[in-house]
Amino acid sequence: MAKVLVIDDEAPIRLLCRVNLEAEGMEVSEAEDGTRGLELAREERPDVILLDVMMPGLDGWEVLQRLLDDDRTKEIPI
């Protein structure tokens, strides 16, 4: 089963992603902000990450850069 991490500050968007991805047989984790998204990416090593760009605090561009700079997460498709 593929594991997907959804990082988005909007709960309705995370719910929409979860419902549709789980309907396709995927396991879904959610993070409500960039900081938590980085933590989950490092802990869970998902197969793919869906990343919102416009988030308060740590935005998606900064999250992307940190994921690419980390040997544990740099190979995960985003």
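Predicted model: local features only at pLDDT ≥ 70, side-chain atom pairs only at ≥ 80, totals over all residues.
**Charges**

I started with the charges: the mean positions of the 9 positive and 20 negative charges of the protein chain are 6 Å apart. For this, Lys and Arg count as positive, Asp and Glu as negative, while His and the chain ends are left out. Each charge is placed at NZ of Lys, CZ of Arg, CG of Asp or CD of Glu.

Residues are numbered from 1 along each chain as its sequence is written, and side-chain values use heavy atoms, with hydrogens and water left out.

**Overall build**

I looked up the elements next and found three helices and three strands in the protein chain. Helices (H or I, at least four residues) and strands (E, at least two) are DSSP runs, numbered from the N terminus. Along the sequence they follow the pattern β-α-β-α-β-α. The radius of gyration is 11 Å, close to the 12 Å that the globule rule gives for 78 residues, so the chain is as compact as a globular protein of that length. That radius is taken over C-alpha atoms, and the rule is 2.2 Å times the number of residues to the power 0.38. The C-alpha trace spans about 30 × 25 × 15 Å along its principal axes.

How much of the chain is buried? I got 35% of the 78 residues. Buried means under 20% relative accessible area, exposed over 50%, partly exposed in between (1.4 Å probe, protein chains only).

I checked contacts too (heavy atoms within 4.5 Å). Among those between residues at least 6 apart in sequence, 61% join residues at least 24 apart.

**The core**

Which residues make up the largest nonpolar core? I listed twelve: Leu5, Ile7, Ala31, Leu38, Leu40, Ala41, Ile49, Met55, Leu58, Val63, Leu67 and Ile76. Strand E1 (3-7), helix H2 (34-44) and helix H3 (60-69) each give two or more residues to this core, and H2 has the largest share, with three. Apart from this core lies another, of five residues, among them Val4, Val6, Cys17 and Val28. A nonpolar core here is a set of buried Ala, Val, Leu, Ile, Met, Phe, Trp, Tyr and Cys residues joined through side-chain atoms within 4.5 Å. In soluble globular proteins, nonpolar side chains tend to be buried together.

I then followed Ala41, which touches Leu5, Pro46, Ile49, Leu67, Thr73 and Ile76, not counting residues up to four places away in sequence.

Ile76 sits in the segment after H3 and counts as buried, at 10% relative accessibility. Ile76 and Lys3 are 73 residues apart along the chain, with their C-alpha atoms separated by 11 Å.

Arg45 lies in the loop between H2 and strand E3 (48-51). Its phi is near 50°, a positive value in a residue other than glycine. Most residues other than glycine have a negative phi. Arg45 is partly exposed, with a relative accessible area of 44%.

Arg66 is in helix H3. Is Arg66 buried or partly exposed? I noted 38% relative accessibility, so Arg66 counts as partly exposed. Beyond residues up to four places away in sequence, Arg66 touches Leu38, Arg42, Leu58 and Thr73.

Last, I looked at Glu39 in helix H2, partly exposed at 35% relative accessibility.
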